[in-house]
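Let's take a walk through this structure together. Have the sequence and the 3D view side by side as you read.

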There are 2 protein chains.
Amino acid sequence: MKKNITIYDIAKEANVSPSTVSRVLTGNERVKPVTKQKVDAIIEKYNFRPNSLARSLLYKQSKMIGIILPDINHPFFSTLVQKSEAHALSLGYTSFLCNSMNDTDVESTYLQNLIDKQVDGILFLGGRINQVATDPKLAEEMNRIMDRVPVVFVNGEMAGVDAHVIQTDEKEGITNVIDLLHNLNHQRIAFLGGEQGVTSREVKVNAFKEALARHHLPIHEQWIMNEGFDIESGEELANHLLYLNEKPTAIVCVNDFVAIGVIKTLNKFGIRVPEDISVVGFDDIYLAKDFPPGITSVSQNYEELGKTAVDVLVKLINGESAKKKSTVPTKLQLRNSCQLAKREEVDKE
Amino acid sequence: MKKNITIYDIAKEANVSPSTVSRVLTGNERVKPVTKQKVDAIIEKYNFRPNSLARSLLYKQSKMIGIILPDINHPFFSTLVQKSEAHALSLGYTSFLCNSMNDTDVESTYLQNLIDKQVDGILFLGGRINQVATDPKLAEEMNRIMDRVPVVFVNGEMAGVDAHVIQTDEKEGITNVIDLLHNLNHQRIAFLGGEQGVTSREVKVNAFKEALARHHLPIHEQWIMNEGFDIESGEELANHLLYLNEKPTAIVCVNDFVAIGVIKTLNKFGIRVPEDISVVGFDDIYLAKDFPPGITSVSQNYEELGKTAVDVLVKLINGESAKKKSTVPTKLQLRNSCQLAKREEVDKE
DNA sequence: CTGTTAGCGCTTTCAT
DNA sequence: ATGAAAGCGCTAACAG
């Protein structure tokens, strides 16, 4: 391994002082063209690059941001993170991606680590900021972190933590779904998936009930079931649903994974989607269009969500003020998993 | 934002010298218990953490590694990266995840960036190390990088670059697949997907042909088609296949995404999987078991692949020697997308 | 236009 | 057991 070359080495070989090399490097101050060329040649020759750690130490900014997320394997997060990372890079920031696997201890470890590494700011997704009931210990920790660097929450909040927030308009998304189903004459609608106490479920359930009420549709509490956010949860919940003797004509799912699980189970029992039951998902992950029959889903505006989050964070880093709460609209993506309610089903009600 | 607190602040408040605080921090040298307690109390009080940039500057190691990957949205990579990141963390290394989106320019940018940030080592996946024909410019760049920090390639190689390599035994995987299909009496087998010139396809195609030959099965060149690695490619290729008047009884796909696309198209034309045509994928992404009818696939040993890669990298970082080339075995995951070839098809041959 | 100097925050000899 | 001083690589005054 080559010895680490420094501006001193360059300076010596060019017969100039380190400051001159530094000036050439930063371009902040004038250097005589001849000198500059000489220095540039040697830099080129050794393929020299300034140590950005040393710079960061001096500038007191590292041009690094941390992104804490609960699961990189989930298409929602991987897509969002990819957009965020790309935008951050275009702004000169390198990202530390930190996979917490939804474990608050891991989150804490990473938060600490990011602070130690002197990141300029942190983007926080999922995990502790998604709990309806905030753990005061975790909030307190969050606040201590925020004393040191700006933090932006994406799709979450914490009681007692006054962070900037970027949010998908989940309520709007679900409302549109119910409007659609209502227009398709569905009257018996279920909501499946998510975990109790996790906001991204609670917000949706509330919007769901509100929209049903507005359309004077019945709310069957036994059709509102939670379990988790993954495919297996969808399978299990659909199983439960099929035990009941009254069955819905449409199922709204907390996300596309759950929708996939639900469709799998329904199909297993010979129930066709959408002919017998309509199913709607949320997130519009890239699979939604490929999983048969093509899942109607609420599309998150990943690009805008990620971009906005990074923009707000960078503003805060630069000491500028930013909107405390930004909401990003959704878009209903129509596919084949929904259709008009069957006539006889409508008559039943 | 709180002023950045340093060991000097701690030292002053504790009436000791900065060196003493440092000693308490590192624990490398003895400090009188009373003094230590006093210092610890103040550290606690201010929630002080040493600036790891300053440390890195001194120690000449940053405890950061870079991971360059082509697409974080692809389950193969997201799973692998997650395993690698977790293992690295357990070894005290924080990871920079760098999404190149398969763009060699972006790769170069990131490589540079990682060097600047003084990472201790780099894990390289996909992209330029997956080309059968290595671009000399890119190889040269790679070599310059390797002069500075250790680099480990995962599932790839570059002509003229003498890097350590961790590889999935793709040949073994495909060979097992053909053995399976042969045992199921398939004689007419196609290979779909991948891009010409990309090793992870070429290796598989070669293994495919070799295995067919070994079983004295015919190789139909028109059934070996490439296009890409995504779902759309699978759909398109299946379309092409259906134009031909001779059709295979089984299709081996370069990966699970292609298999999903193939199944989608076959189903669209009323061809059932596995009743009419058997399909096999590769990677065993988490969807393989969920996409109907459940895709038989070659499972990559993500855990071991990631762990081995990180272990080798860390060895190199520590100046230890490591095996130049490690191969990780695969495991055939049987599901429902393959079955015995239909009798009449067998007779046809 | 360029060199000298000090200092970012930390650790580590070398003294005491 | 502890303090003083030097230095990691770099840049920004301050001189000249």
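What follows goes from an annotated segment to salt bridges, surface charge and a few backbone details. Bear in mind throughout that this is a predicted model.

Start in chain A with residues 5-59, which an unreviewed UniProt entry annotates as "domain: HTH lacI-type". In the model that stretch is 71% helix and 0% strand, and its end C-alpha atoms sit 21 Å apart.

Now for the charged side chains. Side chains of opposite charge can pair when their charged atoms come close. Over all chains, the structure holds 46 salt bridges. Take Lys325(B) and Glu157(B), whose closest N and O atoms are 3.6 Å apart. This pair ties together distant parts of the chain: Lys325(B) belongs to strand S11 (residues 325-328) of chain B, Glu157(B) to the loop between strand S4 (151-154) and strand S5 (164-168), and the two are 168 residues apart. Lys325(B) has 41% relative accessibility, so it counts as partly exposed. Glu157(B) is partly exposed as well, at 40%.

Is Gly156(B) buried or exposed? Its relative accessibility is 2%, and the cut-off for buried is under 20%, so Gly156(B) counts as buried. If you want a sense of scale, Gly156(B) and His186(B) are 30 residues apart in sequence and 31 Å apart in space, C-alpha to C-alpha.

Back to the salt bridges, where Asp179(B) meets Arg214(B) at 3.4 Å, N to O. Here the link runs from helix H8 (residues 170-183) to helix H9 (residues 199-214) of chain B, between residues 35 apart. Asp179(B) is partly exposed at 24% relative accessibility, and Arg214(B) is partly exposed at 46%.

Asp311(B) is partly exposed, with a relative accessible area of 26%, and Lys307(B) is partly exposed at 38%. Elsewhere, salt bridges that share partners join Glu232(A), Glu235(A), Lys264(A), Lys289(B) and Asp290(B) into one network.

On the surface, Glu195(A), Glu227(A), Asp230(A) and Glu236(A) form a patch of negative charge. Glu195(A) sits in the loop between strand S6 (189-192) and helix H9 (199-214) of chain A, and is partly exposed at 39% relative accessibility.

Finally, check the backbone. The peptide bond from Val273(B) to Pro274(B) is cis, with omega near 10°, and Pro274(B) lies in the loop between helix H11 (256-268) and strand S9 (278-283) of chain B. Another cis bond runs from Pro292(B) to Pro293(B), with omega near 5°; Pro293(B) is in the loop between S9 and strand S10 (296-299) of chain B.

Over in chain A, look at phi. Met101(A), in the loop between strand S2 (94-99) and helix H6 (104-116), has a positive phi near 50° without being a glycine. Asp284(A) also has a positive phi, about 50°, and is not a glycine; its loop runs between strand S9 (278-283) and strand S10 (296-299) of chain A. Met101(A) is partly exposed at 41%, whereas Asp284(A) is buried at 14%.

Definitions and conventions. Residues are numbered from 1 along each chain as its sequence is written. Chains are lettered from A and ligands numbered from 1 in the order in which they are written. This is a predicted model: local features need pLDDT of at least 70, side-chain atom pairs count only at pLDDT 80 or more; totals for chains, interfaces and linings use all residues. Side-chain values use heavy atoms; hydrogens and water are left out. Patches are made of residues with over 30% relative accessible area and no salt bridge: like charges are joined within 9 Å, nonpolar side chains (Val, Leu, Ile, Met, Phe, Trp, Tyr) within 5 Å. Accessible areas come from the Shrake-Rupley method with a 1.4 Å probe; for residues, only the protein chains shown count as cover. A salt bridge is a side-chain nitrogen of Lys or Arg within 4 Å of a carboxyl oxygen of Asp or Glu. Lys and Arg count as positive and Asp and Glu as negative; His and the chain ends are not counted. The place of a charge is taken as NZ of Lys, CZ of Arg, CG of Asp or CD of Glu. Helices (H or I, at least four residues) and strands (E, at least two) are DSSP runs, numbered from the N terminus. Buried means under 20% relative accessible area, exposed over 50%, partly exposed in between (1.4 Å probe, protein chains only). UniProt positions are given in the numbering used here, feature names are shortened, and annotations may be inferred rather than shown by experiment.
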